[in-house]
Amino acid sequence: MSAVVEVVEPATPSARAVDPPATESARARWISLTVLCTGMLMIVLDGTVVNVALPAIQRDLGFAQGDLAWVVNAYLISFAGLLLLAGRLGDLVSRRTVFLTGISVFTVASLLCGLSWSSTMLVAARFLQGVGGAMTSAVILGMIFTMFPEPREQARAIGVFAFVASAGSAIGLLAGGALTQLTSWHLIFLVNLPIGIATLVAAVRFVPRDQGTGFGTGLDTLGAALVTGSLMTGVYTIVKPAAEHGWTDSATLIGIAATVILLAAFVWRQAAATTPLLPLRIFRSRNVVGANLIQCLIVAGMFGLFFLGVLYLQQVQGYDALHTGIAFLPLTALMAVVSVRYAEPLTTRFGPRPMLLASMTAITIGLALWTRVPVEASYLTDILPAALVLGLGAAAGAPAVMMYAMSGSSAQDAGVASGLINTSMQVGGAVGLAVLSSAATARTRALSHGGVPDASALTAGYHLGFTIAAGLVVAGIVIALVLLRDPSKSAPAE
């Protein structure tokens, strides 16, 4: 009888009373994750939704052709330049506070963008949007890691976040094309208002409060100025002189030199500062270093693919903005299914390193398929298979990258580690866009001067860009084989 009593004892009222709080706590965490991912999706969408609206913006506001790129560049420079600082502020003050402030700034800036009546106003508002975007996105991954300490839940939560961060670009192409073609380019910014306000209200209600470590002996103001200046100078150099005049141009070389000098000064400052902005101890982890390098290379390849793929569909295949977005919809749908349903159990079963290697192999195969797309292409046989393989690869490996990036950081460094992996994403995107687009343009120009028809010359240029993108991902595979080890056995650097 005693055995019977022991079996039924957990079902007593006192035992059952313990379950609801645990269930409620889990439910609250997933609601918080939904709020955080909604904020992230809004930021990621804005990074690409503008691209398909650029011709309409140019017509309405009278942008000169050479100045139109600043609608994108102004956002990218402030976003990439402030991610590390925003992440560290989250550690010191409160990640929740930084997130709420970022959403508020981004929403106000979106209103200014939507109401812009001149090119100068739009560029300035886009710069402010980048500030809000950096503050919002820099702290999200750190918040997820602290809210979901249990490995299986953590892997699942990262899978959801990774889908939003990765697939948002493809969703942005579809949303931007639909809004621009069916309504007005103003709406691509104004639609952020209800989303931003709803996210802000929900975050106040559901995202748990956290306590920063405090400023201690003070914020490393000099370090903040050096790293922000270095990142902004570097991104500006990539998107302006390097993209327009080449990597050997004097302005490009001066920009690169200034970036390196500022970065070296920042590293020196971090080694000497009492309260460093970016504690160098996190770089003692091979996983952190490897994950950030891999993130940079994968994003460089994928971001270049989205940019060149859009141009190929529009300039060679004759797709309009809406049909271009629809063409990438299967990729997005597959990423959603794999990220949310399968990434976590597969990563748990096989481990993050095998999943990441399989992911990068699939991405490489997908990019290789893009190098074979012809001038007279069939969507079903030439474009769709390449898009699906890419979507499968990107979704399967994204959670593993995030796990490795955070595995070597302690609780007090989670915000800056989150900001660092986001910085790698933005810098990778900027470098990939500049390198791939300049290589493709040079190849197309050389063939056109040789008498090759425009469509064939354009396609050959894109083929070269896709080939370089595949090479970047292969370099990531090598880094994974050399540097990465089991994140569960990686102790945080103290």
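1. Arg96 lies in helix 6 (residues 95–114). Helices here are DSSP runs of H or I with at least four residues, strands are E runs of at least two, and both are numbered from the N terminus. Arg96 has 7% relative accessibility, so it counts as buried; that label means under 20% relative accessible area, with exposed over 50% and partly exposed in between (1.4 Å probe, protein chains only).

2. Before going further: this is a predicted model, where local features need pLDDT of at least 70 and side-chain atom pairs count only at pLDDT 80 or more, while totals for chains, interfaces and linings use all residues. Residues are numbered from 1 along each chain as its sequence is written, and side-chain values use heavy atoms, with hydrogens and water left out.

3. Overall, the protein chain has 20 helices and zero strands. Of its 494 residues, 53% are buried. Contact means heavy atoms within 4.5 Å. Among contacts with a separation of 6 or more, 83% are between residues 24 or more positions apart.

4. Back to Arg96: what does it touch, not counting residues up to four places away in sequence? The list is Met143, Ala203, Val204, Val207, Pro208, Arg209 and Asp210. Of these, Met143 is one of the buried residues of helix 8, and Ala203 is one of those in helix 11.

5. Helix 8 (residues 140–147) is mostly covered, with seven of its eight residues buried. They are Ile140, Leu141, Gly142, Met143, Ile144, Phe145 and Met147.

6. Leaving aside neighbours within four places in sequence, Ser32 is in contact with Met147, Phe206, Val207 and Pro208. Ser32 counts as buried because its relative accessibility is 2%.

7. The 15 residues of helix 11 (residues 192–206) should span 21 Å at 1.5 Å a residue, and the end C-alpha atoms are 20 Å apart, which agrees. (The expected span is 1.5 Å times one less than the number of residues.) Asn192, Gly196, Thr199, Ala202 and Ala203 are its buried residues. They cover an arc of only 135° around the axis, so they lie on the same side of helix 11; the arc is taken from the directions from the helix axis to the C-beta atoms. Pro194, Val201 and Arg205 are exposed on the other side.

8. Helix 12 holds both Met232 and Ile238. Met232 and Ser78 are 154 residues apart in sequence, yet 6.8 Å apart C-alpha to C-alpha. Beyond four places in sequence, Met232 is in contact with Ile77, Ser78, Gly81, Leu82 and Phe127. Ile238 counts as buried, at 10% relative accessibility. Its C-alpha atom is separated by 8.6 Å from that of Val435, 197 residues apart along the chain.

9. Which residues lie nearest the centre of the second largest pocket? They are Leu231, Leu263, Thr423, Ser424 and Val427, out of 34 lining residues. Helix 12 (221–245), helix 13 (250–272), helix 14 (286–316) and helix 19 (414–449) are the elements giving two or more residues to this lining. A pocket is an open set of points on a 1 Å grid over the protein atoms alone, where a 1.4 Å probe fits, with protein on both sides within 12 Å along at least five of seven lines; lining residues have an atom within 4 Å of a point.

10. The lining of that pocket divides into 25 nonpolar, nine polar and no charged residues. Nonpolar covers Ala, Val, Leu, Ile, Met, Phe, Trp, Tyr, Cys and Pro, charged covers Asp, Glu, Lys and Arg, and the others, Gly among them, are polar.
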